[in-house]
Amino acid sequence: MNQQAIKIDGMSCASCVGRVERVLAAVPGVDKVSVNLATEMARVESAQPVDFSTLAQAIDKAGYQASLPPPEPGAAPAADAATVAGDGVAPAARGFLAAFTPTGGTAVLLAALLSLPLVLPMLLELAGIHWMLDGRLQWLLATPVQFWLGARFYRAGWLAARARSGNMDLLVALGTSAAYGLSVYQLLSAAAMPHLYFEASAVVITLVLLGKWLEARAKRHTAQAIRALQTLRPESARLRRGGQDVDVAIHEVRVDDIIVVRPGERIAADGVVSEGASHVDEALITGESLPVARHAGERVTGGAINGEGLLLVRVTAVGAESTLSRIIRLVEDAQAAKAPVQHLVDRVSAVFVPVVLVLALLTFAGWWLVGGDAEQAIINAVAVLVIACPCALGLATPAAIMAGTGVAARHGILIKDAEALELAHRITTVAFDKTGTLTEGQPSLAVLAPAPGVDEAHLLQLAAAVQRGSEHALARAVQQAADVAERVAPPLLASDISALPGRGVTATVAGVRLLLGSTRLMQEQGISLQALSVRAEELEHTGHTISWLADANTRQLLGLLAFGDRIKPQAQAAIAALRAMGIHTVLLTGDNQGSANAVGQQLGVQRIVANMLPADKASTIAALKQEGGTIAMVGDGINDAPALAAADVGIAMSSGTDVAMHAAGITLMRGDPALVAAAISISRRSYSKIRQNLFWAFIYNLIGIPLAAFGLLNPMVAGGAMALSSVSVISNALLLRRWKPEHRT
């Protein structure tokens, strides 16, 4: 599936989002579109690549400006990065208008200075001073606010009307134009000093400009997490070539280069320490609060800060494949995606502006027909148009998602999509894998028990031959024991090695076909374990993992290997935190029942299921879902991937495999099970903010529109309320930035 990100300028409300999505979805070849008002980005998915110019033309016809986002550092610039503007204005004229039309805080300040004399008589009236500005001066002050500073509303409103749609800009343009036009008519036709409404049109535009400016500032804060991660990208690297250290641009670094990292410098790229030892600060990448020790042979992450030692690092990933780039993409994708609750908002927004226009016409008709006062009818209709702004609806969900995913990333929790963020707040059961998730995942060979008539050294020699070359944790433990044991003869060679997923491995060593694996494998092959069953039972009850070695041809048991794996220090607190949140915990493991019970009971896990194959874990997750509730699976290995995909929410440890992380909706950047409770906590807080934001976005309109229609809301007050609605929604979402995990490690 091809994905393309497009920067879109000119969107002002949820109606704009809906229109852009519709025109992009209609482009041939496009399968899926998601447009985010808070990030002003569109994500387009297609089976085959769709040319950017084609997409840009569709956006142009909808009345917006499309451009390609800036490339990642080190990447070649896009061939077609030009902005396509869809405002129907010639390029020369557009440049002229852009040069002479102020924006941002400057526009707000000018609008306020021009509007203040218009409002001053109303303020003096409160103090008992009766004074009125000449009507011609009022017109002179209001006109530049209406048509110069407010030109953006006319341009965007015209484009919306041309596309047979509506948006916030159209409502503002119609409402303020009606108030301005009525005032001009009154000024030209009345003999005496007429009642003018120039202050209403000017102040509404000023307040809307103020609201959009505050909104833009708040949006920049919600994107702070992305900017913080982007600043970690080094601009250059120091390479060691031919005994010389050479500074090069970061895009010149290649895999297997040796980079030199001095104390206090950022590590330029992902790699493995080839020489040196130091402590590395990975706080902004993994959320780890303390620097971690790194020695030769251990991995380091690009963007982390080196501590006190000089490191030589062999590069393993650069550019888009680096850990930092992947983290940034995950956070950007999550912030660009839509939560399921947003689809309800989209449906409402699609009909919102047309309904408001009808309500404004009904308000005008009702007041004119009942009261016979066209002037009052127009003003009340203007108030309806101004108060009914759908921009808060469009910002309610994405603002909370941006803030929630951003603060989660800062604490080492990567939420891959908005759906995972929303679903996680409903989690009722969390199922854990054991090895590498609740335990360290670095088992050691604790006991070697040969069957009668078998030499212990020969047993280890055979097991090491079968496991040589395997990356499985138990295989590494066997190899380490064999390397250390001086009594072992030169290593034997194995052939015809074949993995038996979830069971073990089979291989031929010195002409003998061997089986090494679980109790289930031995039982399936009809091999009697009677000779060592008592010893195995004792070891299982003390928490050891048992593997058996047998001759596949003669069905003779050769011995058992018992492995010990330490429970992670944070595991007990993690289970306790989940139980305190009212969440049921389950342990799913391929290990034996005795070992599973020893670990599960020590941690306080409520349900323990052992002797499971990867498919068994997935079917158990499916069964748990049938029982009701929302199920999360936490794992780190390839064998956990089916269960992670089957769960409502998959949570992967980044210390595990890429397969597990790909299958999961949430990735924990540290192998800390306490982050599971933290992920659920930030999901609950984020979803709470989404509901609060939607409540306020709807309540403004549910209360404001009837008040305006019944003549109880002045257009200026309506404009202030409309501007305040967007600002309050984003400000409420920004409160998520204060969140911190309760159990920090």
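**Note on helix packing and nonpolar cores**

1. In this predicted model, helix H6 (residues 151–162) and helix H7 (residues 168–189) have axes that come within 7 Å and cross at roughly 120 degrees. That angle makes H6 oblique to H7. The crossing of H6 and H7 is left-handed.

2. On the H6 side, the contact with H7 is made by Arg 152, Phe 153, Tyr 154, Ala 156 and Gly 157. H7 contributes Met 168, Asp 169, Leu 170, Val 172, Ala 173 and Ser 177.

3. Gln 146, Phe 147, Trp 148 and Leu 149 of H5 meet Ala 151, Arg 152 and Tyr 154 of H6. Five of the residues in the contact of H5 with H6 are nonpolar, one is polar and one is charged.

4. The largest nonpolar core holds 133 residues. Those touching the most other members are Ile 6, Met 11, Ile 413, Val 430, Phe 432, Ile 666 and Val 676. Helix H25 (residues 674–709) gives the most to this core, with 14 residues.

5. Leaving aside residues up to four places away in sequence, Val 676 touches Val 430, Phe 432, Leu 578, Val 634, Ile 651 and Leu 668. Another core, of 41 residues, lies apart from the largest one; its members include Val 466, Ala 507, Leu 515 and Met 522.

Terms used. Residues are numbered from 1 along each chain as its sequence is written. This is a predicted model: local features need pLDDT of at least 70, side-chain atom pairs count only at pLDDT 80 or more; totals for chains, interfaces and linings use all residues. Side-chain values use heavy atoms; hydrogens and water are left out. Axes are lines fitted to C-alpha atoms, for helices over the stretch in contact, and angles run from 0 to 180 degrees between N-to-C directions. Helices (H or I, at least four residues) and strands (E, at least two) are DSSP runs, numbered from the N terminus. Angles under 35 degrees count as roughly parallel, over 145 as roughly antiparallel, 65 to 115 as roughly perpendicular and the rest as oblique. A crossing is left-handed if the near helix is turned anticlockwise from the far one by less than a right angle, and right-handed if clockwise. Contact means heavy atoms within 4.5 Å. Ala, Val, Leu, Ile, Met, Phe, Trp, Tyr, Cys and Pro count as nonpolar, Asp, Glu, Lys and Arg as charged, and the others, Gly among them, as polar. A nonpolar core is a set of buried Ala, Val, Leu, Ile, Met, Phe, Trp, Tyr and Cys residues joined through side-chain atoms within 4.5 Å. Buried means under 20% relative accessible area, exposed over 50%, partly exposed in between (1.4 Å probe, protein chains only).
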